[in-house]
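Student: I have a model open and want to learn how to read its features. Where do we start?
Tutor: With the coordinates in view, then one residue at a time.

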Amino acid sequence: EGAGLYGDVDASDPGTIRLTLYDSLPGRPLDAPLPREVRSWTVVYQATVGPLAAGGYDIVVGRYDPRSRLIEIRNERVHVKVPSIRSTRQQ
């Protein structure tokens, strides 16, 4: 509660969607250290990206690390297949 969650989507590479996640507290720059009174918590993101053309896509999710100014990618790519409208109507 009271925290901002931000993300960028990059679909410039055909067949790949990159989602970069950013965390921030209101009024605090991303690279500012967390206040001492803030405890650790788990954040669950949900993203809806579309519309997408039918076909296969590799999804890459990364998290921006302001200390190193790099994007960390901890998980493997996830491959998803977007069906064509025609094939979903035939089912």
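Student: Is Arg74 buried or exposed?
Tutor: The cut-off for exposed is over 50% relative accessible area. Arg74 has a relative accessible area of 70%, so Arg74 is exposed. Keep in mind that this is a predicted model.

Student: How much confidence does the prediction carry, as mean pLDDT of the chain?
Tutor: The mean pLDDT of the chain is 78. Of its residues, 67% reach 70 or more. Then go element by element. Strand S5 (residues 78-82) has the highest mean, 92. Helix H1 (residues 85-90) has the lowest, 62.

Student: Which residue meets Arg74 in a salt bridge?
Tutor: Look for a side-chain nitrogen within 4 Å of a carboxyl oxygen. Here the partner of Arg74 is Glu72, at 3.2 Å, N to O. Glu72 is partly exposed, with a relative accessible area of 28%.

Student: How many salt bridges does the structure hold?
Tutor: Three. One of them joins Asp13 and Arg18, with the closest N and O atoms 3.8 Å apart. Asp13 is partly exposed at 34%, and Arg18 is partly exposed at 29%. Asp58 and Arg77 also form a salt bridge, at 3.8 Å, N to O. That pair links distant parts of the chain: Asp58 lies in strand S3, Arg77 in the loop between S4 and S5, 19 residues apart. Both ends are partly exposed: Asp58 at 24%, Arg77 at 46%.

Student: Which way do S3 and S5 run, parallel or antiparallel?
Tutor: For strand pairing, read the direction and the bridges. S3 and S5 run antiparallel and are joined by five bridges. Gly56 stands opposite Lys81 in S5. S3 also pairs with strand S4 (residues 70-72), in the antiparallel sense, over three bridges. There, Asp65 faces Leu70 in S4.

Student: Which residues lie nearest the centre of the second largest pocket?
Tutor: For a pocket, read the volume, then the lining. This one holds about 280 Å³ of space. Its lining has 11 residues, and Leu21, Tyr45, Gly62, Arg63 and Arg74 lie nearest the centre. Strand S2 (16-24) and strand S3 (55-65) each supply at least two lining residues. S3 gives the most, with three.

Student: How do the residues of that lining divide?
Tutor: Into five nonpolar, two polar and four charged.

Terms used: Residues numbered from 1 in each chain as written. Predicted model: local features only at pLDDT ≥ 70, side-chain atom pairs only at ≥ 80, totals over all residues. Heavy atoms only, no water. 1 Å grid on protein atoms, 1.4 Å probe; cavity = no way out; pocket = protein on both sides within 12 Å on 5 of 7 lines; lining within 4 Å. Points joined across faces, edges and corners; volume = space filled by probe spheres on them. Helix = DSSP H or I, 4+ residues; strand = E, 2+ residues; numbered from the N terminus. Nonpolar A, V, L, I, M, F, W, Y, C, P; charged D, E, K, R; others polar. pLDDT = per-residue confidence, 0-100. Pairing = 2+ DSSP bridges. Buried < 20%, exposed > 50% of the residue type's maximum accessible area, 1.4 Å probe, protein only.
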